[in-house]
Amino acid sequence: MGRRKAQQQLISSLSKKQKKHLKEFGEEHPFYDRVSGKEPTQICELPDNSEPSSSESDVESDSEQASVYHKLLATLKTAPYSDNEEEEEDESEEGSDKDNTETDSDEFEDESEMKDEDNDSSVPDEALDEESPKQKNIQEEPDDKDISSNQKHEVSEEFTDVKHESEFSLETNFIEDEGGNPIADQKKIPDPAAECSKDPFKHHMDEELEEKDTTKILACTKTTSQAKWPVLGQLVFSSTLEKFGTVKLDKEIDLKQLQLHKPLGSTWPKVNSPFLSMQMKSKDQPFTPLQRELFCIMNSYKDLFYPERTALRNGEEVRHVYCLHALNHVLKANAQVLGNNAKRRDQKPGADEDAFRDQGFTRPKVLIVVPFRESALRVVQLFISFLEAASQKKIDVSNKKRFKGEFGSLPDEKPPNLKRPEDYEAVFAGNIDDHFRIGLAVLQKSIRLYAPFYSSDIIIASPLGLRTIIGAEGEQKRDYDFLSSIEILIMDEADIYLMQNWEHVLHLMNHINLLPLESHGVDFSRVRMFSLNNWSKYYRQTLLFGALQNPQINSIFNKHCFNYRGQVAVRNVPVTGSISHVVVQLPHVFRKLEAENSVSVIDARFNFFTDKVLPEYRDAVMSHTLIYIPSYFDYVRLRNYFKKEDLSFMPICEYTNRAGISRARQFFLKGQKQFLIFTERFHFYKRYSIRGIKNLIFYELPTYPHFYSEVCNMMKLAASGEEATLTCTVLYSKYDAQKLAAVVGVERAAQMLHSSKKCAPFCHWGNSVRSTET
């Protein structure tokens, strides 16, 4: 009875978002610590001058069906438990209660906290090493690939606004005048071809490819050229069609020459003003130097890969400029459809119908992939600001109240005593739920949130949110036809997807721009010829933004992007590397392993570690050894090997509960366990400080280069005389070239990769790093 009562109290203490994640995945989100379940008022604010939609009323909050979570509670009340399970739960619960006072700062914790953790570590070793079957099942899964039946149920019943279908329909609306009335005189209808003879949108969408061009694109016979721009640095232009070469950078940008659709030409300077210096404003420069160069490439409709987008430094600058480009594209495309509607209405019978081919199989044109709800919230805020910042006129935003409730953040969602690095706070600001999708319909002076996908112009979603609706082969309820006519794909913060589940990104890329399985009511006389030819992928522009160079992200850009206009990639090489940020004086030993290919390197690294590296650390003298493992699969393999060899170790991964984390840290600190196995995703989501490290092994180079210096700097000791005993060993292969360059610098990386020596030691003293290789 005590166990069931404690379980009920534990679940009732979870916040609303934690319960939702528990319901869908059977586990808590790796990020969340246990906090109060009190639900305060949302503090998210949309622009002040946007007035509520007329459709936004109390009727909007529809009655919801009985939550699946309550069914889970019912099963918990009646589920039988064994005595062993009760003991494990009591131990875990006791540790969790005591850990709630833990500050987990990057500095040393105080003595009272140490005592609490000492009490927690009094649990017998046998009980600590054993994991419950449920926890083992959770840990064996690296991510949330499998879609539960609850998720499918949610997909079919998720909220979409269907009341404003006719109001936002492209097929039944026409171009309006300033007063909001449809233009009746055909002569007054603006002609995009006449007004925008140099419009990049028209040039891109009206280009007619031949079959030999598509064959050449698929053959991937690209010609490359390089250029150096003032801010972006080294650029690599690649194209399969010779007539689409490099992009010329204009020294000064005139908004009229950019052919921005109304009202973006007047609203952009106001919305972007926080990033402009006084000197830029005095010269009427609407873009920052970075934005000017990025938009110059975006507006040419070439694919772009920018791997230097960071949340702290330039994240919002980049978000503003790609939102401008996306909304400009949608407004132009919709204006073309509405203008052709009026022309078709007044045309004479027997006129040429091919002149009105202005759309794809489905309406969605822009897909924006972001990792968290907070990112989606900021994108929608920008779209609203772009449309209403020019004048005192307010636009109509449907379902704004529901949007603020679902995408807004809670003020006390994070414990107030958490102290983390600035980049961590910037990445995990606001609502960090990673399972969402929302459709937006944009029509002249109004925005419709929660539009059904087939009535949306823009779709904003996370990789997991798209994965659960795309489904897998063999599933009954799956849909990906809405991706058939995507013209712009924007993937922001792509590096974070490596910490979530990269398989979802690959699954998305395999289902975009395919022929739809159903017609979805499309008028085939309006469908563009390249869509009918199944050539949509050659016209799709892909914009990739991330914080690092990574082979997996490069693979997406090189193997899944077929834009006929070519690609532009920023390829700046790191000069110093993150090793220069290590403040602890210790030797760094880089050990090279050989592998025939990128697949065999996984087994080669494991064999190299178990045969040559681990025997050197088996001795009791080499205690306090932390093993940093980026891949969860490698973590599981190594954990099982340590269990088989009966080694003294404690594992910590992103799925380990707080009590298990606390016990592992204390056992490692006191030397009761010789090894601590530590995953990169745990460090990404938690950033806990691990004390007592004397020997550090990087099983593989970190994905984020600054993680190398962060983990090395954990080796701070009170007695400076002991620093000579510290060691750091790093395993690398020729397939880790990009990661290695980011850590040691490009020059040292080149020497290490081409050297015949298998060991490259570096001595780090103060702020200098010197190689001791002879």
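In this predicted model, helix α25 (residues 601-613) packs against helix α26 (residues 632-644) at an angle of about 35°, and their axes lie 12 Å apart. The crossing in which α25 passes α26 is right-handed. On the α25 side the contact is formed by I602, D603, F606, F609 and T610, which meet D634, R637, L638, Y641 and F642 of α26. Sorted by class, the residues of this contact are six nonpolar, one polar and three charged.

Y641 and F642, for their part, form an edge-to-face pair, with 6.4 Å from centre to centre and 65° between the planes. Y641 has a relative accessible area of 18% and is therefore buried, being under the 20% cut-off, while F642 is buried at 0%. Y628 and F698 are also members of one aromatic cluster, together with F590, F678, F682, Y688, Y708 and Y732.

Elsewhere in the chain, Q291 has its place in helix α14 (residues 289-298) and is buried, with a relative accessible area of 0%. The side chain of Q291 makes a polar contact of 2.7 Å with the side chain of N272. Beyond its neighbours within four places in sequence, Q291 is in contact with W268, N272, F275, P286, E317, H320 and V321.

Notes
Residues numbered from 1 in each chain as written. Predicted model: local features only at pLDDT ≥ 70, side-chain atom pairs only at ≥ 80, totals over all residues. Heavy atoms only, no water. Axes fitted to C-alpha atoms, helices over the stretch in contact; angles between N-to-C directions. Helix = DSSP H or I, 4+ residues; strand = E, 2+ residues; numbered from the N terminus. Left-handed = near helix turned anticlockwise from the far one by under 90°. Contact = heavy atoms within 4.5 Å. Nonpolar A, V, L, I, M, F, W, Y, C, P; charged D, E, K, R; others polar. Buried < 20%, exposed > 50% of the residue type's maximum accessible area, 1.4 Å probe, protein only. Polar contact = N/O pair within 3.5 Å; in protein donor to acceptor, adjacent residues only side chain to side chain. Phe/Tyr/Trp six-rings, centres within 6.5 Å; stacked < 30°, edge-to-face > 60°.
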